[in-house]
Amino acid sequence: MPYEWGAAVEGIAQQQLVGIDTWYFGKYRYEWMDRYVTSTNDDGVNFIYMRYAEVLLTAAEAANELEGPGAAAPYLKELRRRAFPSAQQAEMVDAYVDALSSKEAMFDAIVEEYKYEYTGEMDRKMDLIRWNLLGTKLDEEKAKLSDLNTRSGEYANVPTTLYYKYEEDGYTLDIYGLNRGETGNPGPEYSAFNWDQPLDEMINTIYKPGVDPDQRQFWPIWQVFLDASNGKLTNDYGY
């Protein structure tokens, strides 16, 4: 989500836009909670080890490998039904999944579904490693970010300016410009916000230039821990 919460004034904070180089994962949003968070370092949400979505994706992957796409389809459909309103399910669930007629097409769809399902949960990387797709997907991300940076390719119609105003509650943003093609000014009641920050640093830090991410898939052990291990710890992968 393209905003953060500003400093509270008299107990009330406002949503504030951030640049296109700063996105926050909005799955567990503060405004969706039914209580106030008073801790400075803990929101009280327990760490999730496995969600039912992962059970369905695991079942779909196993069924596809053993029996083919027809056996995997019910699991993928169950997962996607909760993602789309009833009016869209014929197209986005049934037609989409039924069109996956080969084992390869179903596998590719499962890989994509992991991406949609686990964005920001620090879980998908391990699956990319076991599929031997980590380097491939990181390179895809670098290419997509490069196109977004230059507003080219599939991102040619992404606006460079957002417009915003606050809802009647005084703190919720009403944003114009997030949808493709929303490039005009929606009216004087909206304020303009520059949304064209450079993405070069983000692109260059996806992984270190000259390093194969499929050969170095994990962070090295920090030097401070090596120094304190009495020579018992060493780094693998040529670090």
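# Notebook: salt bridges, sheet and surface patch

Aspartate 127 and arginine 130 are 3 residues apart in helix H5, so about one helical turn separates them.

I note the basis of these entries: the model is predicted, local features need pLDDT of at least 70, side-chain atom pairs count only at pLDDT 80 or more, and totals for chains, interfaces and linings use all residues. Residues are numbered from 1 along each chain as its sequence is written, and side-chain values use heavy atoms, with hydrogens and water left out.

I looked up the burial of aspartate 127, which counts as buried at 7% relative accessibility. The classes are buried under 20% relative accessible area, exposed over 50%, and partly exposed in between, with a 1.4 Å probe and protein chains only. Arginine 130 is partly exposed, with a relative accessible area of 47%.

I then found that arginine 130 also forms a salt bridge with glutamate 61, the closest N and O atoms being 2.7 Å apart. This pair links distant parts of the chain, with arginine 130 in helix H5 (residues 124-130) and glutamate 61 in helix H1, 69 residues apart. Helices here are DSSP runs of H or I with at least four residues, strands are runs of E with at least two, and both are numbered from the N terminus. Glutamate 61 is buried, at a relative accessible area of 13%.

**Entry: glutamate 117 and arginine 51**

I next examined glutamate 117 and arginine 51, whose side chains meet in a salt bridge of 2.7 Å, N to O. Glutamate 117 belongs to helix H4 (residues 103-118) and arginine 51 to the loop between E2 and H1, so the pair ties together parts that are 66 residues apart in sequence. Glutamate 117 is buried, with a relative accessible area of 9%, and arginine 51 counts as buried at 17% relative accessibility.

I traced a network of salt bridges that links Lys27, Arg51, Arg82, Glu117 and Glu121. My count of salt bridges by this rule comes to 16.

I looked for nonpolar surface and found a patch formed by Phe47, Tyr49, Met50, Tyr52 and Val55, with about 640 Å² of accessible area together. Patches are made of residues with over 30% relative accessible area and no salt bridge; like charges are joined within 9 Å, and nonpolar side chains (Val, Leu, Ile, Met, Phe, Trp, Tyr) within 5 Å. Accessible areas come from the Shrake-Rupley method with a 1.4 Å probe, and for residues only the protein chains shown count as cover. Phenylalanine 47 lies in the loop between strand E2 (15-17) and helix H1 (52-67). Phenylalanine 47 counts as exposed, at 58% relative accessibility.

**Entry: the sheet**

I recorded an open sheet of 3 strands in the order E4-E3-E5, with antiparallel pairing. Strand E4 (173-176) and strand E5 (191-194) stand at the edges with a single partner strand each, so one side of each has no neighbour in the sheet. Two strands pair if DSSP finds at least two bridges between them.

I followed strand E3 (residues 161-166), which pairs with E4 in the antiparallel sense over 4 bridges. Tyrosine 163 has tyrosine 176 in E4 as its bridge partner. In the hairpin of E3 and E4, with 6 residues between the strands, glycine 170 takes a positive phi near 90°. E3 and E5 likewise pair in the antiparallel sense over 4 bridges, and threonine 161 stands opposite asparagine 194 in E5.

**Entry: the whole chain**

I counted 8 helices and 5 strands in the chain. From the N terminus on, the elements run β-β-α-α-α-α-α-α-β-β-β-α-α. The C-alpha trace spans about 60 × 55 × 40 Å along its principal axes. Buried residues make up 31% of the 239 residues. The accessible surface of the chain comes to about 15700 Å², of which 53% belongs to carbon and sulfur atoms.

Notes. Salt bridge = Lys/Arg side-chain N within 4 Å of Asp/Glu carboxyl O.
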